[in-house]
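Biologist: Hi! I'm new to this one, could you walk me through it?
Modeller: Happy to, here it is.

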Amino acid sequence: MTRSFLVVIDSVGIGGAPDADRFFNGDLPDKGANTLAHIAQACAEGRAEEGRSGPLRLPHLDALGLGAAISLASGDMAPNLSATPQGLWGAATEVSPGKDTPSGHWELAGAPVPWDWTYFPDTLPAFPQDLMDFVAESCGAGGTLGNCHASGTAIINELVQQHIESGWPICYTSADSVFQIAAHEQHFGLERLLDLCRAIAPRLHDMKVGRVIARPFVGDAAQGYTRTTNRRDFAIAPPSPTLCDWASGAGREVIAVGKIGDIFSMQGITQLHKGSDVQLMDHLDRLIDDAPEGSLTFANFVEFDSLFGHRRDVSGYARALEWFDGRLGAILPRMRDGDLLLVTADHGNDPTWAGTDHTRERVPVLAAGVGARAIGNVGFVDIAASVAANLGIPASGPGRSFL
């Protein structure tokens, strides 16, 4: 039996979404955003020199067809990404009415979102009082802190002393459909934070809020405060069976790497590996050798998005891309006959753009193990259908295989 590896490099968009003018960062529409092309242009112009230098170097992704995919998706040119494709390559367009993590991943897995998400207003307060009362009651606190749109690192630094003294959780949101709670792992308690998010998630999901996110942190006033890898997303369940369900229902092993388990509420998943992106790459590297025949490995590398896209850190994003490309280069030669390794993304997050939100973009579709050819512009759902076809399992979603 064949194996499939579906690898999502979170937020690595390539521009050109036909409905980008309907999505915004503040008052600026996303039309013209292009995460990869703009990073490559910044590198070529010497504007991404922190911790790296010179043009963006992604030889392995480019050999699969990355530069060609960028040009196909948006018409933009990405300096130093001009290789003749040696893999299957194209671009994918999303139809779900959001540019968030669950929408992108579910649609990649064959389940477009059929509803509109609930977003909290960028006002003070952002949340209704009855919801905040419910949060406080659920964890036995006398109240809550925050209640606003905020950067996670900024609001922790702003409210940490009040949080430690009062024992109240820090609640905030963003332009995504999320309700986030930050709490100190020692002073508040990690398990208490996870229990709180688990308890309130059904109410938020009933409101069509996509995720309740636990944001634990550690540290002290002298050393500073740092968020940990114990983050946990409590996501609303997918609207219909996904690629994970199709594979597990066919008796296949479904191995989740990274936040895939949270995004899919563990539905259809049989193994889970978590950690930092470096640790996740170590897992993927091992699974290329050890994943059983007929299995699906579904991986998400989130730090492109969380550490560099939202923070508008062009140099950091470029460093992460070059690191990923180097590690990918060590994996590709060890694929077995019949393996499919498909690299894609879930949305954009252009670090040169205004604001701090995701950007509505097409995403690359780059595959090794199935020959060299262009597939043109396809749908997110076609990726799920294609992975299912490679595995030789039935697909119940609306997509069509391009294999």
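Biologist: How much area do domain 1 and domain 2 bury between them?
Modeller: About 1,100 Å², with 51% of it on carbon and sulfur atoms. Buried area is the accessible area (1.4 Å probe) that two parts lose on being put together, summed over both. This is a predicted model: local features need pLDDT of at least 70, side-chain atom pairs count only at pLDDT 80 or more, and totals for chains, interfaces and linings use all residues. Residues are numbered from 1 along each chain as its sequence is written, and side-chain values use heavy atoms, leaving out hydrogens and water.

Biologist: Where do the domains lie in the chain?
Modeller: Domain 1 covers 4-115 + 239-391, and domain 2 covers 129-235; the bounds come from an automatic or database domain assignment. Their contact (heavy atoms within 4.5 Å) takes 14 residues from domain 1 and 11 residues from domain 2.

Biologist: How many salt bridges cross that interface?
Modeller: Two, where a salt bridge is a side-chain nitrogen of Lys or Arg within 4 Å of a carboxyl oxygen of Asp or Glu.

Biologist: New topic: how do helix 4 and helix 13 cross?
Modeller: At roughly 45 degrees, with the axes of helix 4 (residues 101-108) and helix 13 (residues 380-391) coming within 6 Å. Axes are lines fitted to C-alpha atoms, for helices over the stretch in contact, and angles run from 0 to 180 degrees between N-to-C directions. Helices are DSSP runs (H or I, at least four residues), numbered from the N terminus.

Biologist: Which residues meet there?
Modeller: G104, E107 and L108 in helix 4 meet F380, V381, I383 and A384 in helix 13.

Notes: Helices (H or I, at least four residues) and strands (E, at least two) are DSSP runs, numbered from the N terminus.
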